[in-house]
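Please examine the sequence and the structure shown below.

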Amino acid sequence: MKLSVFTVVTPDLNPEELVKAAREAGLDGVEWRFKEVPAEAAGEQTSFWGNNLCSIDPSLSDAEMLKYKEITEGGGLEIVSITPYLNDLNLDATEHVFHTARLLGAQMIRIGVASYDGSKPYPELYEATARYIKEAERMAKQYGVKGVIETHHRTISPSASLAHRLVSACDPDHIGVLFDPGNMVHEGYEHFRMGIELLGPYLAHVHIKNARWVQDGRREDGTANWRSEWAPMREGIVNFGSLLQDLKSVGYDGYLGIEDFSEQYDSKELLKQYGQFMWEGMQQL
């Protein structure tokens with residue numbers, strides 16, 4: 001298994017600084033966040049989803065995009081993924097990401113799935129997403145880049161089994177699943193080994209972060225109210241030693257991508273600690 005970083009979690013580093021820090025931390029690859037910085041956020045303090053200095057602006061020209069390939073490969077790293085936000089299921093935007101990924105030599109992109117908040121019935125959202133994924137599969141074949149959906153809370157693929165339902169009609173050479181156990185603490189938990197066994201050849205990538213549940217006051221009826229929150233890697237519910245054993249049991253040899261939102265460390269220290277933490281875990285396998 002190899003280590004990568006999704007640049008959403010390094011918002012205070014510019015691309016050159018990110019690649020240098022990742023290499024020094026022993027990482028092998030980069031997942032570039034593909035999202036513009038809102039004009040109103042440009043002068044603000046850096047943040048994950050606002051003024052993120054380590055994002056690729058989708059409006060850049062091909063020539064401007066290529067600098068990210070040069071920076072990444074020049075630092076001895078691989079571009080693992082171009083990672084956008086496509087939950088509106090926009091096919092034109094999806095094709096633009098596939099084009100960019102091929103241009104930059106990325107292995108995969110994250111494609112969209114519909115969000116779920118209870119306002120629309122699941123069957124309707126499932127049908128729309130399934131149609132979108134089949135079109136994304138066609139693009140994946142055309143561009144030679146895999147499309148992956150993520151196990152993510154507040155979407156119709158919060159668990160491995162619901163993600164599998166969406167991708168099972170597709171060719172796993174072109175469409176797969178990004179397995180994110182940290183997200184599944186919030187919603188969608190299933191035994192991790194069972195989930196990755198179910199996914200089989202669709203298991204394409206893994207994100208590494210942690211979360212936990214904390215009691216938050218009382219409801220009106222007097223019962224305990226609980227909420228989930230992000231947690232440092234060593235302090236959340238996910239047991240990464242056990243997860244690595246589960247991944248080894250199915251022969252997974254792909255990337256483990258850091259996506260830690262706990263804010264325990266600054267970006268450079270996060271990469272250092274993550275590299276040490278995961279390499280220690282892999283040495284125990």
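Helix 4 (residues 122-143) packs against helix 5 (residues 160-167) at an angle of about 55 degrees, and their axes are 9 Å apart. Helix 4 is therefore oblique to helix 5; angles under 35 degrees count as roughly parallel, over 145 as roughly antiparallel, 65 to 115 as roughly perpendicular and the rest as oblique. Axes are lines fitted to C-alpha atoms, for helices over the stretch in contact, and angles run from 0 to 180 degrees between N-to-C directions. Helices (H or I, at least four residues) and strands (E, at least two) are DSSP runs, numbered from the N terminus. The model is predicted: local features need pLDDT of at least 70, side-chain atom pairs count only at pLDDT 80 or more, and totals for chains, interfaces and linings use all residues. Residues are numbered from 1 along each chain as its sequence is written, and side-chain values use heavy atoms, with hydrogens and water left out.

In the contact (heavy atoms within 4.5 Å), Tyr122, Tyr126, Thr129, Ala130 and Ile133 of helix 4 meet Leu162, Arg165 and Leu166 of helix 5. By class, this contact has six nonpolar, one polar and one charged residues. Here Ala, Val, Leu, Ile, Met, Phe, Trp, Tyr, Cys and Pro count as nonpolar, Asp, Glu, Lys and Arg as charged, and the others, Gly among them, as polar.

Helix 5 also packs with helix 7 (residues 192-199): their axes come within 9 Å and cross at roughly 10 degrees. These two helices are therefore roughly parallel to each other. Ala160, Ser161 and His164 of helix 5 make the contact with Gly195, Leu198 and Leu199 of helix 7.

The aromatic pairs number 10; rings of Phe, Tyr and Trp (its six-membered ring) pair if their centres lie within 6.5 Å, and planes under 30 degrees apart count as stacked, over 60 as edge-to-face and the rest as tilted. Phe48 and Phe261 form an edge-to-face pair, 5.0 Å centre to centre with 65 degrees between the planes. Phe48 lies in the loop between strand 2 (29-34) and strand 3 (55-56), and Phe261 in the loop between strand 11 (255-258) and helix 9 (267-283), so the pair ties together parts that are 213 residues apart in sequence.
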